[in-house]
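Please look over the sequence and the coordinates below before reading on. The text after them is meant to be followed with the structure open.

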Amino acid sequence: MFLNRMVFRSLSRQLSRRILIAVSVGLSACVSVAMLGVVFDVGDKLNAELSTYGSNIVVQPKSDAVVSDLYSANDADSSGSALDSDPASFIKESDIPKIKTIFWAYNITDFAPQLNTHAKVGVNCGGDSSGAACHSVSAPLVGTWFHKKITASTGESSTVGVQGMRSWWKLTGSWAKDDSDQAMIGSTLAKELGAAVGDTLTVGKGNATQQLRISGIFDSGDDDNGAVYLSSSAVQQLAGLPDQVDRVEVKALTTPENDLARKAARNPGALSQADWETWYCTAYPSSIAYQIEEVIPGSVAKQVRQVAALQGDVMQKTQAVMILMTALSLIAAAIAVANLMAAAIAERSSEFALLKAIGATDASVSRLVVMETASVSLFGALIGAGLGSAAAQVVGHVVFGSGITMRPMVFVLVFVLLAVTVLAASLSGIRSILRLRPAEVLHGR
Amino acid sequence: MKGRRGRFGMGTMTNGRMFTIMILSAVFRRRSRAVMAVIASTVGAATLFCLAAVCIAVPQQMSEDMRSYGANLIVTPVESASSSANGVDAAMVTHTTEMVEAKTPAKVATYRYETVRINSASYIMAGIDSAKVKAINHHWSVQGSWPAPGKVMVGSDVASALGLKIGGDITIAYRAADNGGGASGASASASSSASSTAAPSASSKDGRVSTDILEEGGTSFTVGGIVDTGGSEDEIVYATAADLDKLAGGARGADLIEYSAEASGSALQSIADSINAMTSMGVKAQTVTKINTANSRIITMLQTLFWLVSVVVLVLTFVGVGTTMTSIVSQRRNEIGLRKALGAPSAGVGTEFYAESPMYGLFGGVLGTVLGYGLARVLCAMVFERALPMNWPLAAVSVLCSIFIAVIATIRPVRKASRIDPAVVLREE
């Protein structure tokens with residue numbers, strides 16, 4: 001109990017000096033907690049940011065992936081646009097929600113099916129006269145989900161659709177509603193037809209015609225500018241293809257590919273059992289694609305390499321930079337703490353010399369020093385950790401627009417690191433105290 | 001200080017020398033303290049230099065890396081004049097490229113597309129320059145090799161449809177009729193010089209042409225590689241531009257020019273607009289909005305992230321450095337007291353400290369800047385495989401900063417020192 005009293009007295013009497021140590025430890029804790037917090041969470045946050053690139057996996061019907069453009073010579077003209085022809089094979093639309101039941105279901109952030117077809121499109125043609133009276137052109141139709149609530153067989157419900165996958169669209173008007181007569185048209189087509197938001201759009205394919213209301217005009221900067229987006233049910237009715245879609249775009253949070261993933265992507269069967277399990281249970285684009293193929297009969301899931309590779313690259317590099325920056329700041333923090341601790345102990349050599357002169361043993365002096373340092377550092381570390389978490393949240397909100405999830409691991413790491421640093425620094429200080437000769441010190445230099 | 005007898009017993013020396021010696025002895029006699037001060041400012045300067053260098057270099061290098069993941073500006077011929085059938089000729093490609101490169105450095109690749117028959121089924125074949133396409137499309141996953149003379153690279157869908165393996169042979173035939181009226185006319189005129197047989201009558205009778213194809217049998221190529229991108233490239237057969245020209249019986253301009261330009265956002269849009277404004281060129285430029293917007297968003301995000309993190313770390317590091325310096329100076333209370341008791345004026349004591357601290361700052365700053373540059377260089381080499389040029393203005397800033405911090409940190413303890421009552425201090429509290 002005497003020791004406690006000594007420590008307490010020393011702390012209360014020389015408060016300002018102890019505060020310096022507490023401040024220094026606190027600052028280091030603050031930096032470390034903030035950096036580690038951000039670094040541990042940066043992967044998830046980046047992944048969410050990277051989804052601005054759009055879908056990274058495309059699911060197609062199996063036969064379509066192989067022979068889709070076998071006989072499309074007529075259209076094929078300049079830009080490799082064999083895709084102009086109508087599809088000949090399909091996936092069942094009712095199978096699509098199964099995507100949410102795969103092993104990595106939580107990593108699937110969004111998906112939208114498409115039924116592509118071509119139809120005559122005209123604006124404000126009136127109900128019955130579909131042709132001669134008004135200017136109409138043949139345009140690609142894309143039947144899709146805009147913002148649809150689906151419930152997977154696991155009972156989990158989620159909202160998916162192209163609305164979350166076209167972040168680069170510049171939109172006039174509003175997004176169309178699912179299963180309604182609303183449609184959105186591309187800016188090029190809108191200009192050609194002279195269409196405006198709110199106009200009635202007449203689409204006709206064969207004998208079937210439909211009246212749609214234009215809810216929005218988008219500028220996508222790619223081929224979609226010449227297309228009409230409408231709800232999948234409307235296109236299915238028009239084309240006479242109930243419950244059929246020919247393409248699903250999937251946006252998934254993925255782990256950057258490595259050698260294992262590349263090997264597996266070529267042929268999953270060639271992997272050893274252990275490798276196969278590692279691959280299957282890691283969110284590589286290729287393993288997610290494989291799992292989607294498993295749940296949707298007759299489908300081929302391909303990763304869109306431009307997006308997947310770009311995401312992987314950005315992710316890996318940012319993480320590497322962040323980790324190196326963190327390591328650097330941790331080292332800086334540790335050196336700062338060690339430096340100040342050593343200085344603080346050296347400063348008090350005469351006090352310890354006096355203690356030794358009046359009969360304190362080396363052990364009790366060391367204990368005093370360690371206890372004192374530990375209590376001051378703990379105080380500083382607690383406050384620093386609090387401030388560091390706050391700093392991490394600020395970074396999260398400014399950069400990513402959402403808070404950083406502080407993992408418990410961060411605090412454990414920081415406390416271990418600080419404990420080691422503080423202990424190492426005080427040990428070197430204690431060593432110098434043990435070597436002190438009371439007489440010399442007290443007598444002065 | 002005049003008339004004061006220094007601890008060195010050299011009262012006759014000039015004030016200037018005396019001052020220098022006092023400072024030097026302060027540094028050398030308490031080496032451990034000086035080392036601590038220098039370490040503190042080294043850490044500060046190293047952190048400052050390294051973080052700032054990273055903040056400046058990384059987003060730039062990242063955006064450079066992003067440029068190899070597909071084009072952000074594409075130019076196609078306008079589809080009305082006869083030029084569309086001929087594509088964009090070489091002179092116009094050069095002209096367009098000059099227009100783009102006048103504004104921003106860019107990588108360029110051209111594509112010529114033709115419909116060809118393999119086992120009488122039609123496929124699209126693209127004539128490319130392997131090296132240029134490879135430079136823009138880093139993400140194409142190619143097994144085997146890129147197109148070379150006599151060797152084609154097939155899309156993965158084509159490969160699985162035809163059961164092709166690397167090293168296998170395919171026979172590719174070209175039918176003028178497949179490539180539309182205008183195109184066949186163009187290739188007819190081109191191939192007439194090559195004295196081909198069926199070309200002039202090709203556009204008139206389809207049946208006759210296909211018999212021609214069966215007679216000729218096409219040209220045999222080796223499958224050099226299989227490309228997998230997950231996009232429409234999977235359905236295309238790639239050959240070198242020269243091979244396709246030979247197959248089609250004549251050279252023709254490009255159907256598509258891809259640019260991967262360094263500019264982004266509105267700068268890129270203005271390049272596209274300026275190309276579109278020149279209607280006489282017969283080409284149409286379009287930015288690839290999807291990649292563009294996403295790239296600039298990611299870069300902005302990274303920039304904010306790095307700067308913010310650096311500022312937080314820097315502020316905290318400098319506060320840490322400041323406290324260390326403060327504690328080092330305040331350790332010398334006794335000495336200050338002794339000097340004042342011996343008659344040194346407060347100002348003189350202050351001047352000495354103000355001269356000593358910047359020395360630590362300067363020394364530590366230079367050391368730290370060198371260290372920080374080393375770290376930043378290693379980081380760039382590891383992550384981006386690129387050398388980092390020395391940023392001299394930043395180096396100057398980091399040295400000045402550490403001197404500045406050292407001086408600032410000295411102010412408080414010196415102020416306190418000037419209020420020290422020598423009697424109290426000398427009695428050891």
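The paragraphs below cover confidence, the annotated segments, the contact between the chains, the core and part of a sheet.

This is a predicted model, and the predictor assigns the complex an ipTM of 0.71 and a pTM of 0.72. For chain B the average pLDDT is 77, with 83% of the residues scoring at least 70. Within chain B, strand β8 (residues 236-240) has the highest confidence, at 90, while helix α8 (residues 199-202) has the lowest, at a mean of 38. Residues 1-11 of chain B have a pLDDT below 50, and this stretch makes 13 contacts in the model beyond near neighbours in sequence. The pLDDT is also below 50 over residues 181-215 of chain B, a stretch with 51 contacts beyond near neighbours in sequence. Where pLDDT is low, the predicted coordinates should not be read in detail.

Chain A carries record annotation that can be set against the model. An unreviewed UniProt entry places the feature "transmembrane region" at residues 20-40, 320-346, 376-400 and 406-427 of chain A. Over residues 20-40 of chain A, the chain is 100% helix and 0% strand, with its end C-alpha atoms 30 Å apart. Residues 406-427 of chain A are 91% helix and 0% strand, and there the end C-alpha atoms lie 32 Å apart.

Next comes the contact between the two chains. Chain A contributes 65 residues to the contact and chain B contributes 69 residues. On the side of chain A that touches chain B, at least two residues each come from α2 (15-50), α3 (62-67), β14 (299-303), α9 and α11 (362-400) of chain A. Which element gives the most to this side of chain A? It is α9(A), with 23 residues. By residue class, the side of chain A that touches chain B has 41 nonpolar, 15 polar and 9 charged residues.

The largest nonpolar core has 238 residues, among which V228(A), V337(A) and V54(B) touch the most other members. Helix α9 (residues 305-347) of chain A gives the most to this core, with 24 residues. V54(B) can be followed from here: leaving out residues up to four places away in sequence, V54(B) touches V321(A) and M325(A) in chain A, and F306(B), A376(B) and L379(B) in chain B.

Strand β2 (residues 106-118) of chain B pairs with β3(B) in the antiparallel sense over 7 bridges, and T115(B) has I124(B) in β3(B) as its bridge partner. The two strands β2(B) and β3(B) form a hairpin with 2 residues between them, and N119(B) in the turn has a positive phi of about 50°. β3(B) also pairs with β8(B), in the parallel sense over 5 bridges; here G127(B) stands opposite A239(B) in β8(B). Strand β3 (residues 121-128) of chain B is mostly covered, with 6 of its 8 residues buried.

I172(B) lies in strand β6 (residues 169-174) of chain B. Is I172(B) buried or exposed? I172(B) counts as buried because it has 21 C-beta neighbours inside 10 Å, where 20 or more are needed. Apart from residues up to four places away in sequence, I172(B) touches V116(B), I118(B), M125(B), G218(B), T219(B), F221(B) and L247(B). The C-alpha atoms of I172(B) and P413(B) are separated by 86 Å, with the two residues 241 residues apart along the chain.

Technical notes. Residues are numbered from 1 along each chain as its sequence is written. Chains are lettered from A and ligands numbered from 1 in the order in which they are written. This is a predicted model: local features need pLDDT of at least 70, side-chain atom pairs count only at pLDDT 80 or more; totals for chains, interfaces and linings use all residues. UniProt positions are given in the numbering used here, feature names are shortened, and annotations may be inferred rather than shown by experiment. Helices (H or I, at least four residues) and strands (E, at least two) are DSSP runs, numbered from the N terminus. A nonpolar core is a set of buried Ala, Val, Leu, Ile, Met, Phe, Trp, Tyr and Cys residues joined through C-beta atoms within 7 Å. A residue is buried if 20 or more other C-beta atoms lie within 10 Å of its own, exposed if 12 or fewer, and partly exposed in between; C-beta atoms are placed from the backbone. Two residues are in contact if their C-beta atoms, placed from the backbone, lie within 7 Å. pLDDT is the predictor's confidence in each residue, from 0 to 100. Ala, Val, Leu, Ile, Met, Phe, Trp, Tyr, Cys and Pro count as nonpolar, Asp, Glu, Lys and Arg as charged, and the others, Gly among them, as polar. Two strands pair if DSSP finds at least two bridges between them.
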